[in-house]
Amino acid sequence: MIDQTDTIAAIATPHGTGGVAVIRISGQNAIVRANEIFSPIRGKSPIAMDGYTCSYGYIQQGQEILDDCILTVFRSPYSYTGEDVVEISCHGGRYLIQKILRYVLCETVRLAQAGEFTKRAFLNGKLSLTQAEAVADLISASSENAVRYARTLRDGATFRKISEFSGKLLEILSSLAVWADYPDEDLPEVSPEVLEQDLKSLMFHMEHLLQSYDYGRILREGLHTVIVGKPNAGKSTLFNALAGCERSIVTDIAGTTRDIVEEQVRLGDVTLRLSDTAGVHETSDQIEQIGVEKSLASIQQADLILAVFDQSKKFSENDKNLLKKLPLARTILIGNKIDQRISWSFSQLQENFSDLPAACVRISAKCGQFSELEQAVAVFASRRASPAEDGMIANERQRDCLQQAIAAVQEALNALQAGYAYDAVTVSLDAASDALLQLTGERVTDKVVETVFARFCVGK
Ligand code: GDP
């Protein structure tokens, strides 16, 4: 565990040159140190300042004035970390800010480690572990949706949801304990039927939350998307147009995309992790065959398949075969080359559909006409979303804890259904409760805390 008695400092704003940069100092010596290095021009000296107030003045090292700045004081416990905090907003040049930081650091103030400010906030009870993780997600969020989710989670949505489960478990555990501990009292018996019902309902809600993990992954990484289609349908052209660069080889010679190229691209507000695969068609070329097999395998793992068809050419047997291989519910069927004369439409092909496709759209990859595709992708992504207020399982650690809790409740149910004594049920429910406390960080090992905060940048 970190030594919380020392005072830490770091640059809180991103590296590089900007208009303003912020140095944050947190700990019991923060205000004293600020007082030593800062001379107010307007306002009070740090030691005399109330929390949530600021002063304008100089950072002065001996005779040298390093910079003029605004200094803000936050007094414990009303700060981000829960400790005394000082923030120095100075001019943003990299050299200058480094020089001021070096001056701030002294016997009693050391450089903060990655994530240490947020770690202190967690250790001081300002944030749950799930909230702290959401802070990291907020920093790395790459879309509006991701920001919205991370913000709701930082405000404690997941913590509240897990606390609901913990509360329910505690209720069940205490009714079992009371009944076991005071057998002679005239207490109402805990009926196995009611207990079973309660546990099943708890399982249902926990499993529902577990499903949100999938959406969390999509927000973090983007929808794993593959582009498939016959050679020359326009897959590489579409890939390049979406990625905005010439990564795939575009030629008129069939079968020139030999391997899978991957790129993270934005389409509207949705992030796609986009793979362009070798064309799916029968081939005798051995190298090409490897590419085709890879692309069929990637269809199985993809969240979304963009299947490109050349609408300017006759719909062929090959097209029909491809259609049969696609998991249509996860597939957007794309009619490409609509800038040319169209020879068929998807509405004529419905007898070939084994399932309802996610959408059918028309584009011209070459002319950059994708508005129908953009809309269809947005609808597809939103169908997988769960309401942010219900909380979300945002990473592997959280998923692991929730899965342990679910497994333990299942064990309790098995024990109950097998007619074991309530003691066996209690043991399993204790384990479930423990897993949930680990999820929120209320009962967690130092190692887990270290791992969580290692994801952060210095200064947060
Ligand atoms: P791939 O084999 O499926 O990757 O196909 P390519 O992207 O290499 O495209 C094959 C040919 O079709 C190239 O000559 C492209 O310029 C052309 N092409 C692709 N998209 C369009 C389109 O929307 N309209 C027209 N007219 N030609 C296209």
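**View 1. Just past helix α7, G222 takes a positive phi of about 95 degrees.** Helix α7 covers residues 192-221, 30 residues in total. From first C-alpha to last it reaches 44 Å, close to the 44 Å expected at 1.5 Å a residue (that is 1.5 Å times one less than the number of residues). Helices (H or I, at least four residues) and strands (E, at least two) are DSSP runs, numbered from the N terminus. This is a predicted model, where local features need pLDDT of at least 70 and side-chain atom pairs count only at pLDDT 80 or more, while totals for chains, interfaces and linings use all residues. Residues are numbered from 1 along each chain as its sequence is written, and side-chain values use heavy atoms, with hydrogens and water left out.

**View 2. R220 sits in helix α7.** R220 counts as partly exposed because its relative accessibility is 33% (buried is under 20%, exposed over 50%, partly exposed in between, with a 1.4 Å probe and protein chains only). A394 is 174 residues away from R220 in sequence, yet their C-alphas are 8.5 Å apart in space. Leaving out residues up to four places away in sequence, R220 touches Y213, A394 and N395 (contact means heavy atoms within 4.5 Å).

**View 3. Q311 lies in the loop between β11 (304-310) and α10 (317-325).** With 1% relative accessibility, Q311 counts as buried. Not counting residues up to four places away in sequence, its contacts include W344, F346 and R362.

**View 4. Seven strands make an open sheet in the order β3-β4-β5-β6-β2-β1-β7, with mixed pairing.** Strands β3 (38-42) and β7 (109-111) stand at the edges with a single partner strand each, so one side of each has no neighbour in the sheet. Strands pair if DSSP finds at least two bridges between them.
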